[in-house]
Amino acid sequence: MHKSALCASLFALSLAAPLAYAHTAGDIIVRAGAITVNPKADSSSVKVDQGPLAGADLGGKATMSSDTQLGLNFAYMIDSHWGIELLAASPFEHDVKIKGTALGAANGKLGSLKHLPPTLSVVYYPLDGKSAFQPYVGAGINYTWIYDENVGSEAQANGFSNFKAENSWGMAFQVGADYMLTDNVMINAQVRYIDIDTTATVENNAVAPGTRAKVDVDVDPFIYMVGLGYKF
Ligand code: NI
């Protein structure tokens, strides 16, 4: 082949070749990394809703610690801009504390709970072409399954038992970016806000038999994940 013909065919090939970096229809992206759930945990005051003291407002509030676990994303690209993404993770565990109530023995660590917050989102990548940097935004639906609510030993000694927190459905929003290291391997960073609201109840038969307290918690966490991804 003449050199000029080779050049022409390489040029034609480069025009015909798909853009290396943009995600394209049918791509499956799997990401794994460290994911941190940092609850805002704004709550109502703690109210007694069952037992002889029902109706008493104890004041105070509930707080939750943050936790870091293994985060996973599974994304499927519908075209080069739009995709569907599932967030999964290993179970999160948060300490739950009660602060500032009128009942001194109620203040301090109440216990802990675990949760899984699977989230299904639509994601949009605005950039075309050869940019190795591919930012995106997303919005979707979260279901948070709360389980293994546990009263700590100190709270147990103060008569607390039967801690429960309701599961939650809510909206989820995210911004993130992939940076393509090769055609297939990327580093990723993302931030999410998920509307998680729960009502927690705990019983205390030491205060008075049949006493139950209730608190509404806007968990509403910011969620941060950094990790590596692979595009299939
Ligand atoms: Ni909320």
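These notebook entries set down what I looked up in a predicted model.

**Entry 1. Ground rules**

I number residues from 1 along each chain as its sequence is written, and for side-chain values I use heavy atoms, with hydrogens and water left out. Because the model is predicted, local features need pLDDT of at least 70 and side-chain atom pairs count only at pLDDT 80 or more, while totals for chains, interfaces and linings use all residues.

**Entry 2. The nickel ion**

I asked which residues coordinate the nickel ion. Donors are N, O and S atoms within 2.8 Å of the metal (3.2 Å for Na, K and Ca), and since water is not among the atoms, sites may look incomplete.

I then looked up the angles among the four donor atoms, which run from 53 to 119 degrees, and the site is irregular. Four donors count as tetrahedral if all angles lie between 85 and 135 degrees; four count as square planar and six as octahedral if opposite donors are over 155 degrees apart and all others between 65 and 115; anything else is irregular.

The spacing of the donor residues in sequence is D-x1-D-x22-D. Asp197 belongs to strand S14 (residues 197-204), whereas Asp220 sits in the loop between strand S15 (211-218) and strand S16 (222-231), so this pair ties together parts 23 residues apart in sequence. Strands (E, at least two residues) and helices (H or I, at least four) are DSSP runs, numbered from the N terminus.

Are these two residues buried or exposed? Asp220 is buried at 6% relative accessibility, and Asp197 is partly exposed at 32%. Buried means under 20% relative accessible area, exposed over 50%, and partly exposed in between (1.4 Å probe, protein chains only).

**Entry 3. The largest pocket**

I next looked up empty space. Rolling a probe the size of a water molecule over the atoms shows where such space is left. The largest pocket holds about 320 Å³. On a 1 Å grid over the protein atoms alone, a pocket is an open set of points with protein on both sides within 12 Å along at least five of seven lines, whereas a cavity is a set where a 1.4 Å probe fits but cannot get out; lining residues have an atom within 4 Å of a point. Grid points are joined across faces, edges and corners, and the volume is the space filled by probe spheres set on the points.

The lining of the largest pocket has 29 residues, and Val46, Ile98, Leu110, Val202 and Ala213 lie nearest its centre. Among the elements that give two or more residues to this lining are strand S3 (46-50), strand S7 (92-101) and strand S8 (108-116). S14 gives the largest share, six residues.

By class, I find 21 nonpolar, six polar and two charged residues in the lining. Ala, Val, Leu, Ile, Met, Phe, Trp, Tyr, Cys and Pro count as nonpolar, Asp, Glu, Lys and Arg as charged, and the others, Gly among them, as polar.

**Entry 4. Salt bridges**

How many salt bridges does a search of the whole structure find? It finds eight. A salt bridge is a side-chain nitrogen of Lys or Arg within 4 Å of a carboxyl oxygen of Asp or Glu.

One of them joins Glu85 to Arg31, with the closest N and O atoms 3.3 Å apart. Glu85 is in strand S6 (residues 82-89) and Arg31 in strand S1 (residues 28-38), 54 residues apart. Glu85 is buried at 1%, and Arg31 is buried at 2%. Both residues also belong to a network of salt bridges with Asp178 and Arg192.

Arg212 pairs with Asp49 at 2.6 Å between the closest N and O atoms. Asp49 is partly exposed at 27%.

A further salt bridge joins Asp95 and Lys109 at 3.5 Å, N to O. Asp95 is in strand S7 and Lys109 in strand S8, 14 residues apart. Asp95 is partly exposed at 29%, as is Lys109 at 43%.

**Entry 5. Backbone angles**

Most residues other than glycine have a negative phi. I noted that Asp148, which is not a glycine, has a positive phi of about 55 degrees. Asp148 is in strand S10 (residues 133-151).
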